[in-house]
Amino acid sequence: MVRFENVGMRYGAGPEVLRDVTFVLEAGSFTFLTGLSGAGKTTLLRLIDMMQPPSRGLVTLFSRDLSVTKRSEFPALRRRIGVVFQDFRLLPHLSAFDNVALPLRLAGRRENEYEQDVEELLSWVGLGDRMRAKPATLSGGEQQRIAIARAVVARPDLLIADEPTGNVDAEIGQRLIRLFAELNRLGTTVLIATHDRALIEGMRAREMRLVDGRLVEMRTQRP
Amino acid sequence: MNLGRNANAILPREKGAAPLDIVIAIMAFLAALALGASLIAERTALGWRAGLSDRLTVQIVPPAQDAPGAGLDRETDAALAVLRATPGIAHAAPLSQDQTLALVQPWIGSDALVAELPLPRLIDATITPGAQVDLAALTHELKKAAPDSLVDDHARWISRLKALAEAITWSAYGILLLIAIATAATVAFATRAGLEAYHEIVALLHQMGAQSRFIARAFERHYFVSTLGASLVGAALAALFFASVGGLEFAGVEAVPFLPPLGLRLAEMPWLLLVPAVSGIIALATARISVLAALRQIY
Ligand SMILES: Nc1ncnc2c1ncn2[C@@H]1O[C@H](COP(=O)(O)OP(=O)(O)OP(=O)(O)O)[C@@H](O)[C@H]1O
Ligand SMILES: [Mg+2]
């Protein structure tokens, strides 16, 4: 599903933030990405969700070598990825409902087809009564849950989440993780960057840790 | 990908007119004024030429020592005969005493005294359209038949008017061009400035896998509609201006004598629609080009 070979990344003329990163995410796997603040977690995720090209090395996504893939094919690849951004990136002028529905609209689905799905999902993340609210009127945790709902609503092949439980209490955190696990059970490959030890301990999942820009395998999937 | 109304829902619907919409409306108003003025100048210049260039006036001037009377009448008749015998002259007729008086009345009044003034006799002649009349020969013939005759083919008057009309027309076109450029620049600038504010949205939609075409179309439509609206308001105000000036003239309020009428005819009004149409297309093209260029910058 995702393959990195000797990937290096630097911003402009700065130091290398990622160095010789090599790993594989198997289809249907569930993985945590950990590391201290500033270790390069967001940077690594941005390479996977095609926000930026690597400075060196090879990134393969859905069996496609991105360095030789035509730009015109990128949108179709991007639509197969659901992303929860660390800073949410909700569209401020759209309601919670419309934000969540956006990936479905981009995929060409009609409102009467997806209306019920979107409403159910919003209820599931505990926002059933705030569907028409604009992001600015919602708390950080509520916005985060909308961002998560938006990332999963189109059942992506690959889900990338950057600190998805950073702004919610433990109970809602557990609920969100169950959502990811459920999606994973249905076939989505999941990669979550987090600081939240409790979250990691509660799951039988692989953990990759970034230390000084290098990747360290902490543990493989637990039995 | 499903476009249609989905594309519209992606951009915020603006409430009321943005400051840039007001600037666009004002520029469109000025552009429509300049366009209307060019149309009027062009039409007026054509009218002047058509009205004068095929005419000829022959004056029989009373000799200073003589009292007006029989001599003048005889010379007038002789001049008329010469004119009517000249090929290329379609029509020749003397102006009556009353008509002549009416001509001079604005300058010297209509006093009883005027009736005793030695007025020249005037003959108005029309040249067959397209015919070439040898003026030198005609003048010579007329001098022989009527020694006190003077031929005026308005040539000097016409050439001056022509020059004036051309100067006015070209100035109007020049101003129109300048304002058109300024309007185009304003529209392009407004569109680009608006897009800056939406950079986040563009980047997000791009990241979510929206096709560049789809994103560009949303913006195109957005700016086409808002620019069209703003410039329609400007052009409509200009049309209203021309209509009300025309209305004043129609109601008998004279424009300054000798200046062309300022009213735009109803049939000429649709030309003003060019202003919003062109503005809308510029906004559309600018939005498209800017969005696609911005998207190429992103990975
Ligand atoms: N756009 C950028 N331009 C220049 N440097 C950047 C940019 N983004 C990140 N960096 C640098 O790259 C390094 C890694 O940043 P990154 O955001 O990937 O860390 P992180 O592991 O996600 O941290 P956190 O846990 O705080 O989110 C940091 O030193 C940061 O300063
Ligand atoms: Mg980060």
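The model is predicted, so local features need pLDDT of at least 70 and side-chain atom pairs count only at pLDDT 80 or more, while totals for chains, interfaces and linings use all residues. Residues are numbered from 1 along each chain as its sequence is written, chains are lettered from A and ligands numbered from 1 in the order in which they are written, and side-chain values use heavy atoms, without hydrogens and water.

**Stop 1: the ligand**

Select ligand 1 and the residues around it, among them A:Tyr11, A:Val17, A:Leu36, A:Gln86 and A:His195; a residue belongs here if one of its heavy atoms lies within 4 Å. By class, this shell holds four nonpolar, seven polar and one charged residues (Ala, Val, Leu, Ile, Met, Phe, Trp, Tyr, Cys and Pro count as nonpolar, Asp, Glu, Lys and Arg as charged, the others, Gly among them, as polar). Helix H1 of chain A, residues 41-48, gives the most to the shell, with three residues; helices are DSSP runs of H or I with at least four residues, numbered from the N terminus.

Next, select A:Lys41: an N or O atom of its side chain is 2.7 Å from an oxygen atom of ligand 1. For the side chain of A:Thr42, the corresponding distance to a ligand oxygen is 2.6 Å.

**Stop 2: H5(A) and H6(A)**

Select residues 140-152 (H5) and 170-185 (H6) of chain A, which pack at an angle of about 5° with axes 12 Å apart. The axes are lines fitted to C-alpha atoms over the stretch in contact, and angles run from 0 to 180 degrees between N-to-C directions. H5(A) is therefore roughly parallel to H6(A) (under 35 degrees). A:Arg145, A:Ile148 and A:Val152 of H5(A) meet residues of H6(A) including A:Ile172 and A:Phe180, where contact means heavy atoms within 4.5 Å.

Terms used: Polar contact = N/O pair within 3.5 Å; in protein donor to acceptor, adjacent residues only side chain to side chain. Helix = DSSP H or I, 4+ residues; strand = E, 2+ residues; numbered from the N terminus. Parallel < 35°, antiparallel > 145°, perpendicular 65-115°, else oblique.
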